[in-house]
Amino acid sequence: GEHSSALVPKFIRRLRLARTKIVATFHQPPGIAAKVIDTSVLPWFDAIVLVSPSQIAYFAQYVPRERLHVLLHGVDAAFFHPPAVERRGTRVRCLTVGHWLRDFEAFKAAAAAFGNEPGIVFDVVTNRSLGLEEFGNVRIHRNIDDDQLADLYRSVDVLFMPLLDSTANNALLEGIASGLAVVTTDMESTRAYLPRGEAIFFANNDRDQMIAALSRLQSDSGLRLDLGRRARQRAEQLAWPAVIREYEAFYEGIVEAMPVAGAQPEAVRGVTRAEP
């Protein structure tokens with residue numbers, strides 16, 4: 001929706017396709033959405049799909065609440081899966097994947113705090129230059145393919161994800177599918193995906209809370225493995241075969257319903273809805 005919403009609804013309405021339903025999925029958090037979306041076209045949609053409940057309040061300013069539908073994102077839980085043998089021990093590898101809306105200043109604070117602790121090291125998957133080379137306990141992975149990424153998930157112990165903002169997060173889903181204990185920022189969106197004790201959350205990317213969470217997992221392998229098992233169970237609930245059934249039911253309902261009259265405001269550049 002962030003890319004096509006300014007064009008597709010107007011194009012369809014100008015073709016006078018009165019029975020055609022217009023649906024878009026929006027992925028960005030409100031702070032980004034406010035910068036990239038033409039809100040004047042939102043009332044043209046018969047339905048809007050959101051991937052996190054944290055998006056509802058923003059879109060409800062422009063679209064009736066009944067047209068907003070939260071459908072959580074899915075993961076390929078067959079491709080991303082835990083290792084054959086559970087990783088135990090006191091040397092813990094923490095993995096951070098991606099760049100978009102990651103808080104690398106918070107990450108650097110954590111890496112610096114464990115700079116003299118050989119029991120905790122960090123792996124980062126990114127193609128960006130982030131100034132991490134100065135940290136001796138950080139290993140950077142660039143230009144890796146999907147198979148290498150899946151192998152990397154299976155070779156580490158903790159998914160460490162300090163975030164600036166989030167809705168759905170592929171790395172979070174891939175990490176839990178791989179059976180990793182998760183340490184991440186406490187947000188409405190992250191709790192929507194991990195609602196029942198599958199992660200350790202820290203508030204406002206607080207340095208002390210991050211360090212305490214990682215230290216706890218380093219010293220308690222039982223907790224680490226328990227969180228990883230819970231994470232995998234949650235990933236199985238969010239595996240694409242299950243999520244697709246929710247999407248199919250949603251789209252079947254949209255197709256069967258009458259077009260929403262309010263999906264075409266009267267004062268939209270002289271365009272009128274065709275008669276059925």
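The legends below describe close-up views of a predicted model.

View 1. Glu 2 is buried and has no salt bridge. Its nearest side chain of opposite charge belongs to Lys 35, 13 Å away. Leaving out residues up to four places away in sequence, Glu 2 touches Thr 25, Phe 26, His 27, Gln 28, Val 36 and Ile 37.

**View 2. Ala 34 in helix α2 (residues 30-36).** The relative accessible area of Ala 34 is 49%, so this residue counts as partly exposed, the cut-off for exposed being over 50%. Between the C-alpha atoms of Ala 34 and Phe 59 the separation is 9.7 Å, and these two residues are 25 residues apart along the chain.

**View 3. The largest nonpolar core, with 40 residues.** Tyr 153 and Tyr 193 touch the most other members of this core. Helix α6 (residues 170-177) gives the most to the core, contributing five residues.

**View 4. Contacts of Tyr 193.** Neighbours within four places in sequence aside, Tyr 193 is in contact with Val 51, Leu 72, His 73, Thr 167, Ala 168, Leu 172, Leu 173, Arg 234 and Leu 238.

**View 5. A second, separate core of 28 residues.** Among its members are Phe 107, Val 183, Ala 213 and Leu 217.

Notes. Residues are numbered from 1 along each chain as its sequence is written. This is a predicted model: local features need pLDDT of at least 70, side-chain atom pairs count only at pLDDT 80 or more; totals for chains, interfaces and linings use all residues. Side-chain values use heavy atoms; hydrogens and water are left out. Buried means under 20% relative accessible area, exposed over 50%, partly exposed in between (1.4 Å probe, protein chains only). Lys and Arg count as positive and Asp and Glu as negative; His and the chain ends are not counted. A salt bridge is a side-chain nitrogen of Lys or Arg within 4 Å of a carboxyl oxygen of Asp or Glu. Contact means heavy atoms within 4.5 Å. Helices (H or I, at least four residues) and strands (E, at least two) are DSSP runs, numbered from the N terminus. A nonpolar core is a set of buried Ala, Val, Leu, Ile, Met, Phe, Trp, Tyr and Cys residues joined through side-chain atoms within 4.5 Å.
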